[in-house]
Protein chains: 2
Amino acid sequence: MALRHAVLAALLDGELSGYELAKAFDLGVANFWHARPQQVYAELTRLEEDGFVAGREVVQENRPNKRLFRVTDAGLAQLQSFTAVAAKPSFIRDDLLVQVQAAGHVDTGALIERLTERAAIAREKAGLFAKLLRTMRGECTEEEFLRHGAHVGPYLTCRRGLAFEEGNREWCEHVIAVLRDRAENRAGD
Amino acid sequence: MALRHAVLAALLDGELSGYELAKAFDLGVANFWHARPQQVYAELTRLEEDGFVAGREVVQENRPNKRLFRVTDAGLAQLQSFTAVAAKPSFIRDDLLVQVQAAGHVDTGALIERLTERAAIAREKAGLFAKLLRTMRGECTEEEFLRHGAHVGPYLTCRRGLAFEEGNREWCEHVIAVLRDRAENRAGD
DNA sequence: CCATGATAGTCATGAAAATGACTAGTCAGG
DNA sequence: CCTGACTAGTCATTTTCATGACTATCATGG
């Protein structure tokens, strides 16, 4: 029951098509949740059945028709009651951490490769988020935007995403440095 | 196929009983992964069937017997090949982010409550991780430990956990401040 | 003596998420 | 003219996770 609310929350600030939503959730641009297109479509269908979103067909020329969705009052009430109860704490769950946990027992070179790849990905995502933030706040300074801007929700979640990816990158780089250092030390024995 | 490797990695630095493992994964003390006891037991059973871990019965007085597990050579090889392929990037996936995404459309007071709760949890977890780190490095300074200490894997993953929770706390506090500020502004209209 | 809580697990069920395969039209490049 | 990429989805299957309920024994506190 979590994707449900994520989809509702994503639809709050403007109508979107299933395809747009799906893409956002797939790339993680909807930086607060991740899901595959199939999941998103399935969830939209269920949400519409339950009357939490309403779709309207938009006929297009030169490309397939699409359906734009918006949140209904019932949907908003649903979200409201979702916010009323405590969210269960989140955990990091990352294959890369498992790999690092095994450092010392597995090939260090391979590990460093993984960490380098990940650092690059993290840097890219951080850049993307930073750009998104700039777009969202437009002309305003961050302070002004946070005080008076519309749609602060997405802005704030995007900030979390940015900090997370920066944390990832820093950690990766630190681990790489530590592993390199240890490898040299051992070579010097 | 991820819990599998997480369990293997957790067993690398010493024999553990199913119960100990399960507890570690439940509390997230195995800070790099989270799973319920039932999952851990089930995975241990499968790992033993596949010959990746070996259990030995330890007869105890005054309490139920337990089984201590260790990783076999086949298990280590399995982990090694797991490390050889790129880990898929991780995403944050957090109910709280969904709730914040909806800020402006839902009750701000409730949101601030959620954020306050979460900030407290994050602070607690960060403290726990910091303590764990101190225990692991013992007398050494961090630098010395990272250079020469045994079991750096768990130390490094714990550091990621610590940074993550600190990031959580800072973000929560920042969002609270922003929401309060906006509420005051609106009240002043 | 009774209730708790810790140790040490097992079983069954259901919800959520991931994966792979498929349709169908448009547009740009070689 | 063919290929690949983009728009806009759907269907089916499997794997993984989460949940609640259940069995035992021992130790502790009141």
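Is Glu173(B) buried, partly exposed or exposed? Hold that one for a moment, everyone, and I will come back to it. Thanks for having me. One thing to say at the start: what you see above is a predicted model.

I'll begin with helix H2 of chain A, residues 18-27. Its buried residues are Gly18(A), Leu21(A), Ala22(A) and Phe25(A). If you look down the axis of H2(A), those buried residues fall within an arc of 100°, so they line one face of the helix. Turn to the other side of H2(A) and you find Tyr19(A) and Leu27(A), which are exposed.

What do the buried residues of H2(A) pack against? Four elements of chain A take part: helix H1 (3-11), strand S1 (16-17), helix H3 (37-49) and strand S3 (66-71). And if you follow the backbone just past the end of H2(A), you come to Gly28(A), with a positive phi of about 80°.

Further along chain A, there is a record to mention. An unreviewed UniProt entry annotates residues 92-180 of chain A as "domain: Transcription regulator PadR C-terminal". In this model, that span is 82% helix and 0% strand, and its end C-alpha atoms lie 25 Å apart.

Now to the interface. On the chain B side, 69 residues are in contact with 71 residues of chain A. The size of an interface is often given as the accessible area lost when the parts come together. Here, the area buried between chain B and chain A is about 6,800 Å², and carbon and sulfur atoms give 60% of it. Which residues of chain B lose the most area to chain A? They are Arg93(B), Gln101(B) and Arg160(B), together accounting for 11% of what that side buries.

The rule finds 34 residue pairs in polar contact between chain B and chain A, both residues at pLDDT 80 or more. As for where chain B's side comes from, the helices that each supply at least two residues are H1 (3-11), H4 (73-84), H5 (95-101), H6 (108-137), H7 (142-148) and H8 (152-187) of chain B. H8(B) gives the largest share, with 18 residues.

At 9% relative accessibility, Ser90(B) is buried. Its side chain makes a polar contact of 3.1 Å with the side chain of Asp94(A). Setting aside sequence neighbours within four places, Ser90(B) is in contact with Arg93(A), Asp94(A), Arg118(A), Phe164(A), Glu165(A) and Asn168(A).

Side chains of opposite charge can pair when their charged atoms come close. Over all chains, the structure holds 30 salt bridges. The rule finds 2 of them across the interface of chain B and chain A. Arg147(A) reaches over to Asp181(B) in a salt bridge, with 2.6 Å between the closest N and O atoms.

Within chain A, Arg4(A) forms a salt bridge with Asp50(A), the closest N and O atoms being 2.8 Å apart. Arg4(A) lies in helix H1 of chain A and Asp50(A) in the loop between H3 and strand S2 (53-58), so this pair ties together parts that are 46 residues apart in sequence. Arg4(A) is buried at 9% relative accessible area, whereas Asp50(A) is partly exposed at 41%.

Another pair sits within one helix. Glu117(A) and Arg114(A) form a salt bridge, with closest N and O atoms 2.5 Å apart. Both lie in helix H6 of chain A, 3 residues apart, about one turn of the helix. Glu117(A) is partly exposed at 33% relative accessibility, while Arg114(A) is buried at 6%.

Arg169(B) and Glu173(B) meet through their side chains in a salt bridge of 3.2 Å, N to O. Both lie in helix H8 of chain B, 4 residues apart, about one turn of the helix. With a relative accessible area of 33%, Glu173(B) is partly exposed.

One last item: salt bridges that share partners join Arg4(A), Glu43(A), Arg46(A) and Asp50(A) into one network.

Key:
Residues numbered from 1 in each chain as written. Chains lettered and ligands numbered in written order. Predicted model: local features only at pLDDT ≥ 70, side-chain atom pairs only at ≥ 80, totals over all residues. Heavy atoms only, no water. Buried < 20%, exposed > 50% of the residue type's maximum accessible area, 1.4 Å probe, protein only. Arc of directions from axis to C-beta. Contact = heavy atoms within 4.5 Å. UniProt positions renumbered as here; feature names shortened; annotations may be inferred. Buried area = accessible area lost by both parts, 1.4 Å probe. Salt bridge = Lys/Arg side-chain N within 4 Å of Asp/Glu carboxyl O. Polar contact = N/O pair within 3.5 Å; in protein donor to acceptor, adjacent residues only side chain to side chain.
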